[in-house]
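The model is a predicted one.

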Amino acid sequence: MAFPVITTKVSLPILRQRLVSRRNALGQLNAGLRDGHLLTLVSAPAGYGKTTTIRMWVNEAGCPVAWVTLEKSDNDLKQFLTYVLTALGEAVEDLGLSALEAVESAQEVHVQPTLGLLVNELHELDQPVILVLEEYHLIENESVDEAVEFLLNQAVANLRMVIATREDPHLSLTRLRVRNQLTEIRAADLSFSLEEAGEFFSDVMGVNLSNKETEILKNKTEGWAAGLQLAGLSLKENTDTAKFVEAFGGTHRHVLDYLIEETLNNQPEEIREFLRRTSILDQLSASLCEAVTGQRESRKYLQYLEGNNLFLVSLDEERNWYRYHALFGELLKDQLMQVEPDRVDDLHARAADWYEKHGFVQKAVEHAFQISNDSKVSGLIERHAFPMFCQGETAMVLSWFDRLPEAFVRDSSMICISKAWALALTHHRARVEEIEQALQAADLALNLCYADEAHRNLVAGHAASIQAYLMQTPNLTNKDAQRLIETSQRAQRLLPENEKAIRSINALNIGYARLSLADLAAAGEAYEQTFEDGIAGRNFYVAIYGAIGLIVIEIIKGELKNALQLCETKITQFNQFLAGQRFAPIGDLYNLKGSLLLEENRLAEAEQALTQGLSLIRFVRVYEAHIRGYSALARLRSIQGDWAGVLENLKALQETYSRSALYADALRHRLAVRDPAVNNATLEQAHHWVTQAVGGLNTLPDIDMVDLDSRIRFQTLLSTAHIVTRLAARNPHAYSLRAVHKYLARLEKFASAHGLPGWTIEIWLVRALMYHVEGKAEEARAQIECALEASAPRGYFRIFLDESDLLRPLLESTLRQLKDDNLSAYGKRLLDAMPNDSLQSERSLTSVPTSDANLTDRELDVLKLLAAGESYNGIGQKLFLSLNTVQFHIKSIYRKLLVNKRMQAVEKAREMKLI
């Protein structure tokens, strides 16, 4: 879930009606756009009119414009990218949406894969988009610079970046200069010419000066826009123009001090007070100003300041939000420190209260950090840390702790606990020692404040919850699982009943450990509690994993119909809870739904659910969700005859989690050898993998748990058994299945003893095929009959269809002996869905010759959409393909048609009557 976006930060500044055309600077900007420069750097001190000049230019540039006004808080990479991508999405509909979804989903943002999504979309645009980053000098975070550098390094033709700054950014400007990819506009380029100065005084400021007087002021200010404006304001109140012009002089700073004093002294005291006290604000609204200053006439004052050209910039058309010209704001802050230094803390405290009340927690915290006594910021963090954790903003909370003096952390036991949670939830392995230090500090704080028993139990309960959370691993041992349960249960006993958000985490840990021990009933109860407490405590991240746990249990029990119904119910519930907010973990519910629809042979619906699920969880570090989604989509792509899609998803599966690499290899060979038209080289590779990579099954330890690693190992072994069976079917004398039978028999015993029908059904199926290949007809029929009897009421279908060529004769002979009418009907449904020719798979994984160009069916689908003018993203959405897969198919089409452009491909395809 995303933090609230302040829309005025991504709005274009409002232009005043009376402006001076900046011909020189605008000409340079236009030339840079025309020459395709990647970066336009507008670098000059405050008061040179950088913002106004750029705003005038983009108004006439004829391109979509994304504008971000940066603040110090944008040094947080996630926040910076959120605003940049939001601005781009407003400039061009849905531009950067996939990258924005990735940023919102991730606890820790990785620049290259995230912005890679944006780069792909930018390549598809039919016109450039201008991205303006204003006030870039406020950026000090290297990771933000790296993100900007990444975009510049990609040399995206359709992105024109403009950086407005008071000092040069830490970017590779020299490289851009050498490559003629940089437009530079400096103070000299922004200085007013004599003609522009005259136009400014007469048309904008309404001051009549002689040419000589204009020239003197222009020369003394060196064409500095702020100096000219301040001179104009003073002249409006000065009856002796000649004397004023003669006295005017000195450096910029001296001129400014003089003119600010002149300007402010000409204002009523209540206006001067309003200006000083609101100078602490980055943005101003009537409500906010009233809360900070206590002046009820705030709206009237803002209108007065804007109407009198007093350096106030409107941020929206409705005139609800404003900001001071940066230089003017800084000088007002100086005035505040000189006149009312004792009031500064109170003003920031009032601003923090207003922002907290209106839901802008980060802005509230930023103001609280400006208060000399950090108790305000400590209280804010203590109140909002846990709600922010539940929204997925853990990295932001941790950044607050990194700024908060350690002395203020130690003052409160719950602040210490919040810091420990922030470190634990962000998975900073290098900072594990800090977690223990924070927990020790929490104990010390308890002793210092003589806490009562209830508060001690609360802190101890949190500490135990954190310790339990850190115990969770994908490969629990029996001993680890028991320790996890005991620690979580101890935490539950210590925590009060109303601590639902944290109690849900402990219930989730208990459910995971119980599931690992194959205690499905107890795991189900824990996951139910996880869901209920998570919803009650608004910890939706944990609640959804409770729901996922319940569905996984149903799948392991083989109750696929129940699992699918539960999936659909939970998706509906969470969409209602979140009122349409994007919520990445829902993606795993879609993955589960897609894999269950695949098993029901509802392929189009499965494809839609899986692609939606994987797009949601792409940047969420939940191994099991990725394994589930990518393996199911690889199976689906093999059914569709899309071998490129198979390999893409298996590659993603391998990269997801190191322990899933062996499973990815097993699945690849299983899908490859299933094809009756498979070539000898592929068979040889499968043989080599089975003998070299896996080795003898007798040497492998038995599976005695149901933790994540055990479930991956089960699927790996199952796929291995299918591969060996296929190889043995082609060359019976070269393979013995005895060792496989023995291992599967032990595995079947474990699954039967612990009530895991989902496992036993798959074991029975592969053993039936093994017996069939060995010519043991009775044993094969007994096994397949067990599999059919268990599967018929549960919704299994696809696992039988996938083995059609081997299974059909066995199924036909078994059906002739079945006496159960319902079972016979189920078997007949399976036979009717199988291809008539047992020598062919449902669709070959090789390229099916459809023309002289030898295009596959999937390539023809892509080609038709290319001809219809669809973008790469559009093709992906219509065919449920990732952008990488679309690009892979298009490259293949171009290669086969001997072309290198879209129109050439379309024309040649029409000549060949392919479309």
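## The sheet

Five strands build an open sheet, in which they follow the order β2-β3-β4-β1-β5 and pair in parallel. At the edges lie β2 (65-69) and β5 (182-185), each of which pairs on one side only. From one strand to the next, the twist averages 15°.

Strands of a sheet pair through backbone hydrogen bonds, and this pairing is either parallel or antiparallel. Strand β1 (residues 39-43) joins β5 in the parallel sense, over four bridges. Within this pair, L39 has L182 of β5 as its bridge partner.

## Helices on the sheet

Helix α1 (residues 23-34) packs on the sheet, where it touches β1, β4 (159-165) and β5. The direction of α1 makes about 170° with that of β5.

Helix α3 (residues 77-91) also packs on the sheet, with β2 and β3 (129-134) as the strands it touches. Between the directions of α3 and β2 the angle is about 150°.

## The contact of α9 with α10

Two packed helices are described by the angle between their axes and the distance between the axes. For helix α9 (residues 194-204) and helix α10 (residues 211-221), the axes come within 9 Å and cross at roughly 110°. Helix α9 is therefore roughly perpendicular to α10. The crossing in which α9 passes α10 is right-handed.

On the α9 side, the contact is made by L194, A197, G198 and F201; on the α10 side, by T214, E215, L217 and K218. The residues of this contact comprise four nonpolar, two polar and two charged.

Notes: Residues numbered from 1 in each chain as written. Predicted model: local features only at pLDDT ≥ 70, side-chain atom pairs only at ≥ 80, totals over all residues. Heavy atoms only, no water. Axes fitted to C-alpha atoms, helices over the stretch in contact; angles between N-to-C directions. Helix = DSSP H or I, 4+ residues; strand = E, 2+ residues; numbered from the N terminus. Parallel < 35°, antiparallel > 145°, perpendicular 65-115°, else oblique. Left-handed = near helix turned anticlockwise from the far one by under 90°. Contact = heavy atoms within 4.5 Å. Nonpolar A, V, L, I, M, F, W, Y, C, P; charged D, E, K, R; others polar. Pairing = 2+ DSSP bridges.
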